[in-house]
Amino acid sequence: MRGVTGRLMLLDTASLYFRAYFGVPESVRAPDGTPVNAVRGLLDFIDRLVKDHRPDALVACMDADWRPQWRVELIPSYKAHRVAEEHAAGPDEEEVPDTLSPQVPVIEAVLDAVGIARVGVAGYEADDVIGTFTARAEGPVDIVTGDRDLYQLVDDTRGVRVLYPLKGVGTLQLTDEAVLRAKYGVDGKGYADLALLRGDPSDGLPGVPGVGEKTAAKLLTEYGDLAGILAAVEDRRSKLTPTQRRRLDEARPYLAVAPKVVRVADDVPLPEVSTALPRAPRDPAALEALAARWGLGGSLERLLTTLGA
């Protein structure tokens with residue numbers, strides 16, 4: 001991908017279609033009665049995002065592998081509780097609501113026909129794709145996600161912020177470093193260290209026993225980063241309490257591997273794609289067929305009108 005110089009918007013697509021699925025009634029159905037609430041909800045999300053934030057480029061980032069083996073080898077509990085079925089020859093199957101799974105291929109087909117760049121890379125999560133696009137961008141970046149892990153990419157100097165949906169996408173928390181410092185006591189660079197110290201049950205990350213969010217923030221304020229905290233464990237003159245020193249020392253095996261698991265990759269081999277915001281559908285005939293088959297109606301029409309404006 002050549003560096004994008006205008007405003008780049010990166011969608012954490014699975015995060016958004018999960019929100020659409022749970023936020024739009026399942027009574028929204030195709031002509032044959034199949035639920036399409038996630039499909040239409042995601043199209044409405046994208047329409048609102050483009051209308052409100054006017055990006056120059058847009059990428060729907062996908063989970064080609066939602067639980068990469070290289071992360072599991074480092075921390076076996078990583079997302080283990082969300083595995084529906086294990087596969088020796090490929091990515092494990094994630095536990096997804098029965099009526100959402102069939103909508104994902106429809107979402108992919110619609111995005112392709114509209115002409116919105118859709119990028120997933122084998123062996124990597126959408127977070128890693130987002131991290132790499134962000135690293136290569138030459139202009140400001142808006143990351144749209146309901147996953148706080150991506151707060152680690154927030155960078156005021158580069159104009160990187162996270163648009164975090166509080167309610168649908170009509171109410172977004174525009175997350176910059178001031179928001180992070182006010183809420184967590186760290187900036188973007190410090191958020192990954194905060195997350196790995198605190199742990200995250202939703203991702204199967206154990207964290208350091210006895211170190212919650214507030215304690216993690218205090219440690220980072222005092223010692224700067226994870227390396228500084230571990231140096232303080234060795235320094236008997238540091239202000240660590242005996243219990244903190246012991247717990248951090250006992251957690252060394254976890255702390256040795258957690259940074260690679262928690263920090264998003266920024267070196268994913270991205271394919272060459274056109275990230276420009278499409279003004280007209282890439283495949284009008286395919287899109288017309290999809291709209292009729294799945295009853296996409298006003299959701300698709302509004303998005304196309306916004307893109308063409």
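1. A residue is called buried here when its relative accessible area is under 20%, exposed when over 50%, and partly exposed in between (1.4 Å probe, protein chains only).

2. Some ground rules before going on. This is a predicted model, where local features need pLDDT of at least 70 and side-chain atom pairs count only at pLDDT 80 or more, while totals for chains, interfaces and linings use all residues. Residues are numbered from 1 along each chain as its sequence is written, and side-chain values use heavy atoms, with hydrogens and water left out.

3. Back to Glu-125, then. Look for Glu-125 in the loop between β5 (117-119) and α5 (126-136); helices (H or I, at least four residues) and strands (E, at least two) are DSSP runs, numbered from the N terminus. Leaving aside residues up to four places away in sequence, Glu-125 touches Met-62, Asp-63, Asp-65, Trp-66, Pro-68, Arg-71, Tyr-78 and Lys-79, where contact means heavy atoms within 4.5 Å. With Tyr-78 there is also a side-chain to side-chain polar contact of 2.7 Å. (A polar contact is a pair of N or O atoms within 3.5 Å; within protein, one must be able to donate a hydrogen and the other to accept it, and residues adjacent in sequence count only if both atoms are side-chain atoms.)

4. Next, Asp-187, which sits in the loop between α6 (177-184) and α7 (188-198). Is Asp-187 buried, exposed or partly exposed? Partly exposed, with a relative accessible area of 28%. Its side chain reaches the backbone nitrogen of Lys-189 at 3.3 Å, and a polar atom of that side chain lies 3.0 Å from the backbone nitrogen of Gly-190. Not counting residues up to four places away in sequence, Asp-187 touches Glu-177, Leu-180 and Arg-181.

5. Asp-176 caps the N-terminal end, with a side-chain oxygen 3.2 Å from the backbone nitrogen of Ala-178. After the helix comes Gly-185, whose phi is positive, near 80°. Asp-176 and Asp-187 are 11 residues apart in sequence and 8.5 Å apart in space, C-alpha to C-alpha.

6. Which residues of α6 are buried? They are Glu-177, Leu-180 and Tyr-184. Seen down the axis of α6, these fall within an arc of 65°, so they line one face of the helix; the arc is that of the directions from the helix axis to the C-beta atoms. Their cover includes β8 (171-175), α7 and α8 (213-223).

7. Gly-224 follows α8, and its phi is positive, near 90°.

8. Last, a helix pair. Thr-13, Leu-16, Tyr-17, Arg-19, Ala-20 and Tyr-21 in α1 meet Asn-37, Ala-38, Gly-41, Leu-42 and Phe-45 in α2. These contact residues divide into 7 nonpolar, 3 polar and 1 charged (Ala, Val, Leu, Ile, Met, Phe, Trp, Tyr, Cys and Pro count as nonpolar, Asp, Glu, Lys and Arg as charged, and the others, Gly among them, as polar).
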